[in-house]
Amino acid sequence: MILVIGGYAAGKREWVSRQLGYPQAQMSDCAEDKVPVFYGLESQAERFLKDPKPLLQKKVVICCEVGCGVVPLAADERARRESVGKLCQLLARQADCVVRVICGVGQPIKGAF
């Protein structure tokens, strides 16, 4: 599995299409869909902390970074941010490759794509 992270509108999905060859039709924000690429992890992290298995079966998992910037005032938003961070750590340990996309450019953090 390849974990792709980066800021909002950093070009993560476009990078996955261009560099890894997965068209938009092979991407979904529903982990149960039978497509190789899952995106939108940041909005569903709490669900997958309990059982990350569906994500580990994907070829590519895409997540917006939420840990940079101003710490949210609301406790529930801080908890969500923490869940995303914990899940990304878990996935990064299991991933063959971790790529950070900035301005549409992928930088490998772990492994090679």
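**Salt bridges, pair by pair**

Modeller: The side chains of R100 and E65 meet in a salt bridge, 2.8 Å from N to O. By salt bridge I mean a side-chain nitrogen of Lys or Arg within 4 Å of a carboxyl oxygen of Asp or Glu. Keep in mind that this is a predicted model, where local features need pLDDT of at least 70, side-chain atom pairs count only at pLDDT 80 or more, and totals for chains, interfaces and linings use all residues. Residues are numbered from 1 along each chain as its sequence is written, and side-chain values use heavy atoms, with hydrogens and water left out.

Biologist: How many residues apart in sequence are the parts that R100 and E65 tie together?

Modeller: R100 sits in strand β5 (residues 97-102), while E65 is in the loop between β4 (60-64) and α4 (75-94). Helices (H or I, at least four residues) and strands (E, at least two) are DSSP runs, numbered from the N terminus. So the pair ties together parts separated by 35 residues.

Biologist: Is E65 buried, exposed or partly exposed?

Modeller: Buried means under 20% relative accessible area, exposed over 50%, and partly exposed in between (1.4 Å probe, protein chains only). E65 comes out at 25% relative accessibility, so the label is partly exposed.

Biologist: Which residue forms a salt bridge with R47?

Modeller: The closest N and O atoms of that pair are 2.1 Å apart. R47 is in helix α2 (residues 45-50), and the partner is in the loop between β2 (27-28) and β3 (37-39), 15 residues apart. The partner is E32.
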